[in-house]
Amino acid sequence: MKVLSKTKLEAALNKLSESNEVFVPMQKKAQSGYYPWTSFVSGDEIMLEALNVYQSPKGAVLPQTEKMYQIKQGGMEIKIDKTFEDDHPTIIFGARGCDVKGILAMDEVFLTRGYEDSFYKARRSANTIIANACYEPGSNCFCNAMEVNAVDPAGADVILRDAGEAFVWEVKTEKGEAVTAIIADLLEEKEVQLPQSKPFNQKVDYSGVAEKLKTMFDHPLWDKLSASCINCGMCTFVCPSCYCFDIQVKMWGEEGYRFRAWDSCMFEEYSREAGGGNPRGASKERFRQRFLHKLEFFTERYGTPLCTGCGRCMIVCPTDVNIVRIIDAVKEAEVNA
Amino acid sequence: MPDKDHKCTCSEQPLVPKVVEVIDIIDRTPDVKSFFVRNVDGNGLPFQVAPGQCGMVSMPIGEAMISCTWQEEQEHLEFAIKRVGLLTDELHQIEIGQQIGVRGPYGNGFPVEACKGKDMVFIAGGIGLAPLRSFIKYCFKHREDYGKITILYGSRSQADLCFKEELFDLWPKESNTEVFVTIDNAEPDWNGHVGFVPAYLEELNPSSAGAVAVVCGPPIMIKFVLQSLEKMGYNDDQVITTLEMRMKCGIGKCGRCNIGSEFICLDGPVYYLRQLRDLPPEW
């Protein structure tokens, strides 16, 4: 099998970075996330061994803010003659299966159902995913319950398997072949022992949840579950599949640009209408929207849940909202026929 | 890559507006104006619309989803816009010749084919007449395809009545057509009906036999009109309405206009009541 010795990891990242922006999980001071390899400085730490860094790699295909097009205004005239689709080659190096699933979910949203989003399409077409297989689930992991195969993640162009001294380098697609060619001279043929898969600590049963939720929109359980939520939006910020965006403008006098930015269904303004009305004006309504989108609505529309079981939201939530306990509560809830 | 579920006529860059020129502006009421636009080079339109479809209208300050008026010979696009927020405030200050951005067409539009052969009952309140007007115009262009046409329209006051020429001069002259107009409160120079739309509807009681009711207006009006229609014997397949939600992208991506798993901008805004009954009660 092809392997990349860990001693050659930095050389490989350097080589890949010559022709690609390579996003690598890193600890940078108090923050962790997927950062461009070229930003690596002394004191930073590569975090390929960590299961989930704080920030998912979704920003590589859907940046937190993204310019869309230039606007020029003068007198009665408006000019929109420059757009900012960005198709520079990128690699996400070391994405876990849950995060790859998040990107697959975004592919469904942005590239199907009638319209292809030109900005997403440009980035995604030029994006290669080198996934990192998980053999030992963390204490908050439950991706196995959310249709993710952590050892053999769908959507990966290359799969890395941590075999101690080296990563097994398993090519899955043509895009994978292309990036493999760049570092071919750093790879070796060698038989190594693969780790054993360990069981998940979280026991989650999603079966039937989407169907049951369809009957639970007005269930009193939402009052109880949402009581502690302060609508801070942390869960949507760290979520590898939360893709909702806002469109805003920045003008300096007569020139500027329209851009989009991550938004959050947790915020009151998100669904507030021009006349002041808001179908989800109350905290509980926004809370319910988020969990129904993750567990019911997305499944109805795209055939798979929008939660990928990464566990980040449970870690960051300041008020201990826990999606696993929500799934459990739904499973246990009594529903009046 | 348009898929089979949507008759997509979008460009390669669906989120990027086309610049058009405002060639006429008509004051409809103190806070509603119609804006007529066409391509900047004077030739043609950025897109064609079916009755009930919408377009995203933009100035540098922002964008909003606005119903676009259908007409048989589309030489310009018309947007009837009420002044309610930042963008619409600014639009109400522009003059003829101003360039603005538009993109579309968005949404499913009215089921004009499925309604053929039916008696049509149009029920609108306030600016809600704007989308129905497209369907009404379509029916009159294809008069023989539809049965009796009943139009019931209400607004807060006389001054707030939109499309007065059509309401009082053009539509009443059409064959087998009745037009009823009401305002919320009595005014000295108003000889017409006074009262809310749902009560007037029940008083008029247009027969549900072979009829379809199409409803658009403020949410509170829609709510009570739906109750009235049910009382009058209209079943859920005989009632059509249009929904409104906050929208940003218009193409089912940005998230916020969902009701359940439907995106109103893309899958709606037009729904049969039977379809709405299957959605969470957020409409």
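**Notebook: chains A and B**

I began at B:Arg143, which sits in the loop between helix 2 (129-141) and strand 8 (149-155) of chain B. For helices (H or I, at least four residues) and strands (E, at least two) I took DSSP runs, numbered from the N terminus. The model is predicted, so local features need pLDDT of at least 70 and side-chain atom pairs count only at pLDDT 80 or more, while totals for chains, interfaces and linings use all residues. Residues are numbered from 1 along each chain as its sequence is written, and chains are lettered from A and ligands numbered from 1 in the order in which they are written.

**Loop residues**

My cut-offs were 20 or more other C-beta atoms within 10 Å for buried, 12 or fewer for exposed, and partly exposed in between, with C-beta atoms placed from the backbone.

In chain A I looked up A:Ala227, in the loop between helix 6 (221-226) and helix 7 (234-238). A:Ala227 is exposed, as 12 other C-beta atoms lie within 10 Å. Its C-alpha atom is separated by 47 Å from that of A:Gln73, 154 residues apart along the chain.

**Chain B as a whole**

I noted six helices and 15 strands in chain B. The radius of gyration is 18 Å, close to the 19 Å from the globule rule for 283 residues, so chain B is as compact as a globular protein of that length. That radius is taken over C-alpha atoms, and the rule is 2.2 Å times the number of residues to the power 0.38. The C-alpha trace of chain B spans about 50 × 45 × 35 Å along its principal axes. Of its 283 residues, 49% count as buried.

I then looked at the largest nonpolar core, which has 167 residues. Such a core is a set of buried Ala, Val, Leu, Ile, Met, Phe, Trp, Tyr and Cys residues joined through C-beta atoms within 7 Å. B:Phe122, B:Ile123, B:Ala213 and B:Val214 touch the most other members. Domain 1 (18-106) and domain 2 (119-242) of chain B each give this core at least three residues; the bounds come from an automatic or database domain assignment. Leaving out residues up to four places away in sequence, I found B:Phe122 touching residues that include B:Leu132, B:Ile136 and B:Val214. Contact here means C-beta atoms, placed from the backbone, within 7 Å.

**Chain A and helix 3**

Chain A comes to ten helices and 13 strands. In helix 3 (residues 118-125) I found A:Phe119, A:Tyr120, A:Arg123 and A:Arg124 buried. They cover an arc of only 120° around the axis, which puts them on the same side of helix 3; the arc is that of the directions from the helix axis to the C-beta atoms. Their cover includes strand 5 (65-74), helix 2 (97-111) and strand 8 (127-132) of chain A.

**Where the chains meet**

I found 38 residues of chain A in contact with 45 residues of chain B. Strand 12 of chain A supplies the largest share of the chain A side, five residues. I sorted that side into 20 nonpolar, eight polar and ten charged residues. Ala, Val, Leu, Ile, Met, Phe, Trp, Tyr, Cys and Pro count as nonpolar, Asp, Glu, Lys and Arg as charged, and the others, Gly among them, as polar.

Methods
Contact = placed C-beta atoms within 7 Å.
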